[in-house]
Amino acid sequence: MRIDKLTIGAALAAALLLSGCATLPPGSKPDPRDRFERANRSVYAFNTAVDHAILRPVAHGYVKITPKPVRRGISNFLANIDYPITILNDALQGKVHDGLSDIARFGINTVVGVGGLFDPATHWGFERHDEDFGQTLGKWGVGSGPYLMLPIFGPSTVRDAPAKVIDHFTTPRTYVFNTNIDLGLSVVSAVDKRAGLLSTDEMIDSAYDPYAFLRNAWLQRREYQVRDGKVPPDEAPKEDGLPTTPDHQPMPDHQPMPDRQPTPDQQSMPDQQPTPDQHLAR
């Protein structure tokens with residue numbers, strides 16, 4: 001998703017101003033994976049303030065006034081337009097079978113699915129995969145590095161944050177040079193993604209330490225993604241981790257909605273779907 005440079009600059013400035021006053025909860029111990037925890041907590045506080053003031057209310061309104069089939073079509077379309085990210089990273093990881101399947105899936109949903117509004121490929125047996133450049137780097141042995149909480153974009157790591165730039169230039173959305181269309185796609189993408197996370201709000205808000213809860217769930221799930229689910233039982237995502245919902249699945253930014261089969265790293269919830277790595281404003 002492209003965001004105006006001035007907006008990013010303002011977000012960074014606000015986050016840096018907050019970084020001096022962040023404190024850890026009483027009795028908490030530093031997490032070795034979170035070397036920049038004080039700064040990260042400040043950015044998290046900023047993101048949460050923006051989310052509660054703007055994004056969450058807009059997402060609630062979107063869900064309330066937009067019929068579920070329409071939301072599903074929008075989510076499918078956004079997932080499909082970003083699907084070349086997965087196809088490229090299939091190739092970079094040497095996943096020939098998955099790559100060919102994903103090319104077919106993208107073609108079917110683009111042509112038969114009317115530009116991706118529908119998902120006939122899932123019904124025809126072409127499973128959806130989820131790959132991005134951060135996972136590719138992890139596949140070839142690049143460590144995740146310390147955890148990072150990015151302004152606006154949310155959870156990431158030292159490895160995954162720069163990898164988002166490669167993903168940005170892989171999606172066709174980057175090459176839409178009409179300002180109005182570009183802005184419209186960015187706004188709809190942000191609202192759709194946030195709407196997909198509404199079902200996780202109560203779980204995060206009720207946690208003793210929401211920041212630590214989100215961090216731990218996100219890092220655990222990210223490792224699960226990088227290893228394609230092949231992790232020791234004690235490292236696998238727990239049932240009480242941050243879930244996803246059937247109406248919205250995380251791709252790098254978007255996933256199709258419930259007419260596809262859920263992947264192993266996702267848990268079903270009632271209305272909307274995303275993931276810890278896509279919580280836009282946390």
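Me: Which elements do the buried residues of α5 pack against?
Reply: This is a predicted model, in which local features need pLDDT of at least 70, side-chain atom pairs count only at pLDDT 80 or more, and totals for chains, interfaces and linings use all residues. Residues are numbered from 1 along each chain as its sequence is written, and side-chain values use heavy atoms, with hydrogens and water left out. Buried means under 20% relative accessible area, exposed over 50%, and partly exposed in between, with a 1.4 Å probe and protein chains only; contact means heavy atoms within 4.5 Å. The buried residues of α5 pack against α3 (68-81), α4 (84-92) and α6 (120-123).

Me: Which residues of α5 are buried?
Reply: Helices (H or I, at least four residues) and strands (E, at least two) are DSSP runs, numbered from the N terminus. In α5, the buried residues are Gly99, Ser101, Asp102, Arg105, Ile108 and Asn109.

Me: How far apart are the end C-alpha atoms of helix α5?
Reply: The expected span of a helix is 1.5 Å times one less than its number of residues. Helix α5 has 16 residues (96-111), so it should span 22 Å. The distance between its end C-alpha atoms agrees with this: 23 Å.

Me: How are the rings of Tyr147 and Tyr211 arranged?
Reply: Rings of Phe, Tyr and Trp (its six-membered ring) pair if their centres lie within 6.5 Å; planes under 30 degrees apart count as stacked, over 60 as edge-to-face and the rest as tilted. By this rule there are three aromatic pairs. For Tyr147 and Tyr211, the centres are 6.3 Å apart and the planes are at 70°, so the pair is edge-to-face.

Me: Are Tyr147 and Tyr211 buried or exposed?
Reply: Ring pairs join Tyr44, Tyr147, Tyr211 and Trp218 into a cluster. Of these, Tyr147 and Tyr211 are both buried.

Me: How far apart are the closest N and O atoms of Arg173 and Asp82?
Reply: Arg173 is buried, with a relative accessible area of 7%. Asp82 is also buried, with a relative accessible area of 1%. The two form a salt bridge, and the distance between their closest N and O atoms is 3.0 Å.

Me: Where does Phe169 lie?
Reply: Phe169 counts as partly exposed, because its relative accessibility is 48%. Its place in the chain is the loop between α8 (160-168) and α9 (179-195).

Notes
A salt bridge is a side-chain nitrogen of Lys or Arg within 4 Å of a carboxyl oxygen of Asp or Glu.
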